Amino acid sequence: MNWPISPPDEPSDRFETQTLTVAVWRERFWQTLLALAAIVPVGILVATVAIFIRESVLFFQEVSLWNFLTDTQWTPQFASRKFGIVVIASGTFLVTAIAMTVAVPVGLLAAVYLSEYAPSSVRQIVKPTLESLAAVPTIVYGYFALFFLTPTLHRWIDDLSGFNALSAGIATGILIVPTISSMSEEAIRSVPAPLREGGYALGLTKWETARKIVLPVAFPGIVAALTLAASRAFSETTIAAIAAGQVPKLTLNPLVPIETMTAYVLQVSLGDVPTQSLLFHAIFTVGLVLFLVTLSMNALGQWLVSYYGRKMAGWEIPTADDRIAGTEAAKAFESGERRRLTGNSSRTLESRDAAGFEIAFGRRSLADRWFAGLGCLASLLGFVVFGLLAVRLRTGLSRLDWAFLTSFPSRNAESSGIYAALAGTLWLMVLTAALAFPIGVGAAIYLEEYLPRNAFSRVLETVLANLAAVPSILYGLLGLALFARSWQAVTGGRSLISAALVLAVIVLPLLAIATRTALRSVPKPQRQAAFAVGMTRWQALRYVVLPAAFPGILTGILLSLSRAIGETVPLIAIGAVAYVSFVPGWSWEGLQGSFTTLTTQIFYWLSRPQADFQEVAAAAILVLGGMVLTVNAIASLLRERSRYR
């Protein structure tokens, strides 16, 4: 093949100074835009803290801090107002304690089974099903707790109230099981294989190896998983609001109705509270307490994850060539210290008779099989919950028809439909994607590709991680104060635009984290090759890195939209109404109008005592579940396709 070349005595005019200048200015332009996108999360955090502190200062001008912390009554809507935060805080901690009691053993058993026992074919089916529990909208768990768990528990517990902390805690525990199992499994699987092999070489069973070797090494990562799960349970709102009741009571009895901090904020948000009222300031003060507690939990979890990473990075596995370790092991063996190595009694195997050894080995093997069986049952939780939901929701199948999809909500259950709610949900998906996609992806690109690793970059990473863990009800309060009130001239107040802005703020950190993960998956030699042929950093990103990372970025977008579809509480706080008899129009004025979504419509229907509205809610849950599962299935297919590539 003949390559065209320039004569040696004539300079090439392919590369001109003007071309280089344009490339440099284009590089600076895109870098500036990406830097602005990276500043947005910081601005969100600053605005959140500033608004909550301002409203809390106004609250404490009328209520003393001492009474707020020590009073044992919470009656902000009575004539004699009492603001004892300990009352609703006790309800929050009660639900969290029940949730952790359910989730910790189930999650850890499932994690050990999937990591140590399950064949790869079983793991590929069971693990995604278990993790899918985290994608189920919380409004569905509230329905499950109220109409399945409570009636079932009432058969054995006569004193159980119709609304109670026990059902809410169990449902919340099911919600956080995937968090514990997934993160714990990652920590367990990261334990070096030679440690397991050493345990097996000493005659330990899988259960003994996991208990005495694997779990102690993976303990920091497991503690981080438990901390993050507790933070998620502490900030859960919808399940507590539906199943636990809204009765502020200072009690540790899980059989009676209680009220959590998040449920109180939601209760007040359902009404039209005057901006400068004490009640309005009170919900922001409660929100500030929530923010500080969850921030502390998440900071502890991040520190534990960092500590765990440093510990595993510095872990050294002894080799056969290590004479010192070999000598010490030999001395320990010869001195009869097998109890320290294997956990057995100090008597050596040689000193036991054959019958005694067989009995001991049979007991250990039986314990190993029992543990494997318990772990298998725990990992099947996803199948059990989805099966029970299918049985409970079958009452909504009779309502699913074309009229149900194309009718507006009504005060009569027979003629109610989800047309306005379905249209509002689709509108929010489009608007949220349009607002969050450029900012989230741009912030991730700047943090990962442009910003050097220094203190400022670590601050931005911490901000993103904390924003991802902030309770969604707090974003609803932020939207109420900022988008619906301060920006009312632009957004129209409690409107579809305000709701889209709130959802964009919620999914923004999730999208940025997913995008950074996708960018990190692109091999460094591809970037280096792009730089070697003379590309600028932006050209390398545009033509090499982003195309390679696109499947992962698209997966993050879809998962973020799935999170947005399932949100309920922030939309109620921002002004979603119970009945809408129109569809938002294709104009700015139409987007400034009232709205409703599938989740909020289900919430309002579940609050009605009539059985017909429960059937209508079940039908709407089926539609919502179909949308969420479809989005998650597409995301999973794209993820697997990306891994295959």
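Welcome to this briefing, which opens with a pair of charged side chains: Glu 131 and Lys 127 meet in a salt bridge, 2.8 Å from N to O. A salt bridge here is a side-chain nitrogen of Lys or Arg within 4 Å of a carboxyl oxygen of Asp or Glu. Please keep in mind that this is a predicted model, in which local features need pLDDT of at least 70 and side-chain atom pairs count only at pLDDT 80 or more, while totals for chains, interfaces and linings use all residues. Residues are numbered from 1 along each chain as its sequence is written, and side-chain values use heavy atoms, with hydrogens and water left out.

**Salt bridges**

- The whole structure holds 14 salt bridges according to the search.
- Glu 131 and Lys 127 are four residues apart in helix α4 (residues 120–131), so about one helical turn separates them. Helices are DSSP runs of H or I with at least four residues, numbered from the N terminus.
- Within this pair, Glu 131 counts as partly exposed at 28% relative accessibility, and Lys 127 counts as buried at 17%. Buried means under 20% relative accessible area, exposed means over 50%, and partly exposed is in between, using a 1.4 Å probe and protein chains only.
- Arg 364 forms a salt bridge with Glu 208, and their closest N and O atoms are 2.8 Å apart. Because Arg 364 sits in helix α14 (residues 354–379) and Glu 208 in helix α8 (residues 206–234), the pair ties together parts that are 156 residues apart in sequence.
- Arg 399 pairs with Glu 414 in a salt bridge whose closest N and O atoms are 3.5 Å apart. Arg 399 lies in the loop between α15 (381–393) and α16 (402–406), and Glu 414 in the loop between α16 and α17 (419–450), so this bridge ties together parts 15 residues apart in sequence.
- Arg 399 is buried, with a relative accessible area of 13%, whereas Glu 414 is exposed, with 54%.
- Salt bridges that share partners also join Arg 123, Lys 127, Glu 131 and Glu 185 into one network.

**Helices with a bend before a proline**

- Helix α6 (residues 165–189) has 25 residues that should span 36 Å at 1.5 Å a residue, and its end C-alpha atoms are 35 Å apart, which agrees. The expected span is 1.5 Å times one less than the number of residues.
- A kink of about 35° lies at Ile 176 in α6, shortly before Pro 178. The bend at a residue is the angle between axes fitted to the seven residues ending there and the seven starting there.
- Because 21 of its 25 residues are buried, α6 is largely enclosed by the rest of the structure.
- At the start of α6, a side-chain oxygen of Asn 164 comes within 3.2 Å of the backbone nitrogen of Leu 166.
- Helix α17 has 32 residues and reaches 45 Å from first C-alpha to last, close to the expected 46 Å. A kink of about 35° lies at Ala 436 in α17, shortly before Pro 438.
- Of the 32 residues in α17, 23 are buried, so this helix is largely enclosed by the rest of the structure.
- Helix α3 (residues 85–117) has 33 residues and reaches 46 Å between its first and last C-alpha atoms, close to the 48 Å expected. It bends by about 25° at Ala 103, and Pro 105 follows within four residues.

- Pro 257 is found in the loop between α9 (238–244) and α10 (261–269), and it is buried, with a relative accessible area of 18%. Its C-alpha atom is 6.8 Å from that of Ser 161, although the two are 96 residues apart along the chain.
- Val 470 has its place in the loop between α18 (455–469) and α19 (472–486), and it counts as buried at 8% relative accessibility. The C-alpha atoms of Val 470 and Leu 295, 175 residues apart along the chain, are separated by 7.4 Å.

Methods:
Helix = DSSP H or I, 4+ residues; strand = E, 2+ residues; numbered from the N terminus. Polar contact = N/O pair within 3.5 Å; in protein donor to acceptor, adjacent residues only side chain to side chain.
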